[in-house]
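Subject: Structure for you, with notes

Hello,

Please find the structure below, followed by notes on what was found in it. Comments are welcome whenever you have the time.

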Amino acid sequence: MEYPGNLFVVAAPSGAGKSSLVKALLELDSRLMVSISHTTRSPRGQEQNGREYWFVSEEEFRAMIDRGDFFEWAEVHGNLYGTSRAGIESRMAAGEDVILEIDWQGALQIKRLFPHAVLIFILPPSYDELLQRLQRRGEDDPEVIQTRMANARMEVAQARHFDFVIINALFETALFDLKAIVHAQRLKYAAQRRSRKAVFDALNLS
Ligand SMILES: Nc1nc2c(ncn2[C@@H]2O[C@H](COP(=O)(O)OP(=O)(O)O)[C@@H](O)[C@H]2O)c(=O)[nH]1
Ligand SMILES: Nc1ncnc2c1ncn2[C@@H]1O[C@H](COP(=O)(O)OP(=O)(O)O)[C@@H](O)[C@H]1O
């Protein structure tokens, strides 16, 4: 599928810092919009329906699958997650840049649908630090943390399928790397269209 904007996909093991990085990026970049996924997971303490996720029952989720409402969906850590077409199709058609924060299985499905999507994988500096971040976040029960740590090893092995890998050791450094990828992709896309105006727009020079 072709459309006139850029599509970025960020994946990472749970606790690596992808939500924090994407949130910080969105605050700096008014031209990016994030897709709000649907999930059957229960909301965490501060989470609000329609802000972090659309929280739905498994029945509702399966009905959406049957209707073909999702660009992609996957089972992750025992729950279902999916990117609905309705949420982003119109923004994509309007040429806006969209960012998806989804797991590696969803990322690979998106790459098949949209070959120009830029896949970015966030790594923690170590498994010890990953565990500490999950514990410090204080949102998940010990068994949930255990499942996420067990899945992390398999997820990290998927980084090789991604276009870019960022190590989130120092937050500001990782955020800088993420911004650089977004910026470079905009310039590349503009240059491919051979439009001076598009390059200037991407540089914010016009
Ligand atoms: N395939 C897919 N994965 C998603 C989607 N939304 C979230 N995820 C992934 O599901 C996993 C679990 O997310 P979440 O329960 O919020 O936990 P967190 O990773 O610890 O913040 C993460 O890898 C998310 O990136 C989606 O729409 N599709
Ligand atoms: N570079 C970093 N150094 C230390 N802590 C971090 C860093 N990046 C994120 N964190 C913290 O780690 C925890 C997990 O981050 P979060 O963004 O929720 O991860 P994810 O969305 O990948 O599950 C949060 O408490 C967050 O504040």
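Axes here are lines fitted to C-alpha atoms, for helices over the stretch in contact, and angles run from 0 to 180 degrees between N-to-C directions. The model is predicted, so local features need pLDDT of at least 70 and side-chain atom pairs count only at pLDDT 80 or more, while totals for chains, interfaces and linings use all residues. Residues are numbered from 1 along each chain as its sequence is written, and chains are lettered from A and ligands numbered from 1 in the order in which they are written. Helices (H or I, at least four residues) and strands (E, at least two) are DSSP runs, numbered from the N terminus.

Helix pairs

Helix α5 (residues 127–137) packs against helix α6 (residues 142–156) at an angle of about 150°, and the two axes are 11 Å apart. That makes α5 roughly antiparallel to α6 (angles under 35 degrees count as roughly parallel, over 145 as roughly antiparallel, 65 to 115 as roughly perpendicular and the rest as oblique). The crossing of α5 past α6 is right-handed; a crossing is left-handed if the near helix is turned anticlockwise from the far one by less than a right angle, and right-handed if clockwise. On the α5 side the residues are Y127, L130, L131, L134 and Q135, and they meet I145, R148, M149 and A152 in α6. By class, the residues of this contact of α5 with α6 are seven nonpolar, one polar and one charged. For these classes, Ala, Val, Leu, Ile, Met, Phe, Trp, Tyr, Cys and Pro count as nonpolar, Asp, Glu, Lys and Arg as charged, and the others, Gly among them, as polar. Contact means that the C-beta atoms of two residues, placed from the backbone, lie within 7 Å.

The other pair is helix α1 (residues 18–28) with helix α7 (residues 171–192), whose axes come within 10 Å and cross at roughly 60°. α1 and α7 are therefore oblique to each other. Here too there is a right-handed crossing, of α1 past α7. L21, A24, L25 and L28 of α1 make the contact with A174, L175, L178 and K179 of α7. The contact of α1 with α7 has seven nonpolar residues, one charged and no polar.

The core and its surroundings

A nonpolar core is a set of buried Ala, Val, Leu, Ile, Met, Phe, Trp, Tyr and Cys residues joined through C-beta atoms within 7 Å. A residue is buried if 20 or more other C-beta atoms lie within 10 Å of its own, exposed if 12 or fewer, and partly exposed in between. The largest nonpolar core has 39 residues, of which F8, V9, V10, A11, I120, F121 and I122 touch the most other members. Strand β8 (residues 118–123) supplies the largest share of this core, six residues. Leaving out residues up to four places away in sequence, A11 touches I102, D103, W104, A107 and F121.

A12 lies in the loop between β1 (7–11) and α1. With 27 other C-beta atoms within 10 Å, A12 is buried. Beyond four places in sequence, A12 is in contact with K18, F121 and I122. A12 and E101 are 89 residues apart in sequence, and their C-alpha atoms are 8.8 Å apart.

Y53 is in strand β4 (residues 53–55) and is partly exposed, with 18 other C-beta atoms within 10 Å. Not counting residues up to four places away in sequence, Y53 touches I36, S37, H38, T39 and E47. The C-alpha atoms of Y53 and R41, twelve residues apart along the chain, are separated by 9.3 Å.

F55 is also in strand β4, and is partly exposed with 16 C-beta neighbours inside 10 Å. Apart from its neighbours within four places in sequence, F55 is in contact with T39, P43 and N49. From F55 to K188 is 133 residues in sequence and 36 Å in space, C-alpha to C-alpha.

G45 is in the loop between β3 (37–39) and β4, and is exposed, with 6 other C-beta atoms within 10 Å.

H77 belongs to the loop between β5 (70–76) and β6 (79–84). H77 has a positive phi of about 50° although it is not a glycine. Most residues other than glycine have a negative phi. H77 is partly exposed, with 14 other C-beta atoms within 10 Å.

Regards
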